[in-house]
Amino acid sequence: TSSSSSSSRNMTSLQTWATENGVRFALSNFEAQGQEEDWGVTLKEDTEAQQVIMRVPKTLVWNSQMLVEQELPKSFLQPGLDFLAQKGYGNQLAEFVLFIKLLMEHEKQQESLWYPWIQSLPTQFDTGVCMSSEERECLPPFASALCNYELGRLECFRYALEAISREDHDDGTLLIPLLQNVIGNDHLTQWAFNVIFTRCWKYAPDEHNGDANDDQIDFDRSDIVPLGDMFNHQEPGNVVVQDLSSQEYVDFVLTENTQASSPLHLSYGMTNPYRFLIIFGFVYQEMPEIFCQVLYSDPSPELLNLGCDDRSKMVYRTQDGAIANTVWDSVLYSLLAQVPDTQSQFYQACIEDPNRKDEIHRKYRLEVCLTLRNHVIRTLNELDEFSEKTNMYLQQQQQQPQKEDNDTHHSRLPMIRNHIDFLQSTFQKVKERLDGMAKDEKDLRMKNMSSQS
């Protein structure tokens, strides 16, 4: 059965294949459990922190740079890489190499070393590129923008694939037929795209590059580690990846004492819930913080130094709506543009004088509260509109016979509604916090005015 079909994942032979190819399950404490498309990793017995729970031979790992050096010649890939760079996707070259590798191995079927692993991969996804037009209509702006970006990236990957297949390669004669078989198969290329971007991890430039050679392409490195790709997300995770501890293996190591049958997780990072929704196809409502959605179109160097463009710092706490210091600092600095001398003093205080910084914050606390509150109210009103639209489609769907085709059944609408509900809940907590702070500041100013009169 093709991995890109709608059939269930074939997990039966995966562990046998892994063992035969040198994957080590230390202390026999690794197992995959799940139903239908939903699988994860758990422990079979109590295990202490720092234990290696799984070792995957690097001969099974797809390393984009190693693939270029040893298997996919630069001259073969170049037309596709050039096309992506021209279209603004020059930072996606490593993932494109993995995309090509997966399509080729998929077409080899049983002749591929990775055939059992490919058969175990998800056959269906709920990512942004799989959403119907009605589902995309229900996405709030940040999720919608990312969804459009992903659709554009997928389309460019398809055109880059065609660019490679059209070329007459002296060193790629055995590779071209494999790619020509998938040209125009949108279902297969969408599946491969989803596999790569939900299961690979990226290294920073020049990290683990080793000694470069003439055939190496200057781009970031991305890896896919078969079986290691089965860990689901949690923040914080209880498993970390170590690939420098051994020349032969990628190790997966417990970070805490863990009881038998406990699920094992890697942290996917990110404080943007719409990235989980669009790129990975799920809603993670246990996020401790989310991006505040305050944007600056042309921030000054000073504003950038304060962290206004760092979405891991420009956050609201989901539990109680607490507002990060970076948000307070950025909003106040932008408001003080009307009084440049004070703005300059505030910036210097942020760098070297915490007491002076707090003093200026106290003076302008009400103005910052009201500015943030207006932004939060606009966000909530916007979310209300998308919530109503989602509920409308869900009601229409309930009145129609259920169909197997996701494009007509819109099966991702409940997930999108959960995403919107999560955002609404957090922003409502922020609003309530700002309401209280604004009231307290107004009362304090009225009291001060009365005492001075």
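The legends below describe close-up views of a predicted model. Residues are numbered from 1 along each chain as its sequence is written, and side-chain values use heavy atoms, with hydrogens and water left out. Because the model is predicted, local features need pLDDT of at least 70 and side-chain atom pairs count only at pLDDT 80 or more, while totals for chains, interfaces and linings use all residues.

**View 1. The open sheet β3-β9-β8.** Three strands in the order β3-β9-β8 form an open sheet with antiparallel pairing. Strands are DSSP runs of E with at least two residues, helices are DSSP runs of H or I with at least four, and both are numbered from the N terminus. Two strands pair if DSSP finds at least two bridges between them. The edge strands, β3 (52–57) and β8 (239–242), each pair on one side only. From one strand to the next the twist averages 20°.

**View 2. Strand β9 and its two partners.** β3 and β9 run antiparallel and are joined by five bridges, with Val-253 of β9 as the bridge partner of Val-52. Four bridges join β8 to β9 (residues 249–254), and this pair is also antiparallel. β8 and β9 form a hairpin, with six residues between them. Six of the six residues of β9 are buried; buried means under 20% relative accessible area, exposed over 50%, and partly exposed in between (1.4 Å probe, protein chains only). Tyr-249, Asp-251 and Val-253 are buried on one face of β9, and Val-250, Phe-252 and Leu-254 on the other.

View 3. A three-stranded open sheet has the order β4-β6-β5, with antiparallel pairing. β4 (62–63) and β5 (201–202) are at the edges and have a single partner strand each, so one side of each is left without a neighbour in the sheet. Two bridges pair β5 with β6 (residues 222–224) in the antiparallel sense, and Asp-223 in β6 is the bridge partner of Trp-201. Helix α4 (residues 93–108) lies across β4, β5 and β6 and runs at about 30° to β6. Axes are lines fitted to C-alpha atoms, for helices over the stretch in contact, and angles run from 0 to 180 degrees between N-to-C directions. Contact means heavy atoms within 4.5 Å.

**View 4. The crossing of helices α7 and α10.** Two packed helices are described by the angle between their axes and the distance between the axes. Here the axes of α7 (residues 141–166) and α10 (residues 273–280) come within 9 Å and cross at roughly 35°. α7 passes α10 in a right-handed crossing, a term for the near helix being turned clockwise from the far one by less than a right angle (left-handed if anticlockwise). On α7 the contact is made by Phe-142, Ala-143, Leu-146, Cys-147 and Glu-150, and on α10 by Tyr-274, Arg-275, Leu-277, Ile-278 and Ile-279. The residues of this contact divide into eight nonpolar, no polar and two charged. In this count Ala, Val, Leu, Ile, Met, Phe, Trp, Tyr, Cys and Pro are nonpolar, Asp, Glu, Lys and Arg are charged, and the others, Gly among them, are polar.

**View 5. The surroundings of Thr-127.** Thr-127 is found in the loop between α5 (115–120) and α6 (133–137). The residue Thr-127 is buried, with a relative accessible area of 1%. Its side chain makes a polar contact of 2.6 Å with the side chain of Asn-194. A polar contact is a pair of N or O atoms within 3.5 Å; within protein, one must be able to donate a hydrogen and the other to accept it, and residues adjacent in sequence count only if both atoms are side-chain atoms. Not counting residues up to four places away in sequence, Thr-127 touches Asn-194, Thr-198, Leu-277, Ile-278, Ile-279, Phe-280 and Gly-281.

View 6. Most residues other than glycine have a negative phi, and most peptide bonds are trans. The peptide bond from Glu-235 to Pro-236 is cis, with omega near -5°, and Pro-236 is in the loop between β7 (232–233) and β8. Ser-261, in the loop between β9 and β10 (263–266), has a positive phi near 75°. Ser-261 is exposed, with a relative accessible area of 54%. Gln-293 has a positive phi of about 70° and is in the loop between β11 (289–291) and α11 (301–305). Gln-293 is buried, with a relative accessible area of 13%.
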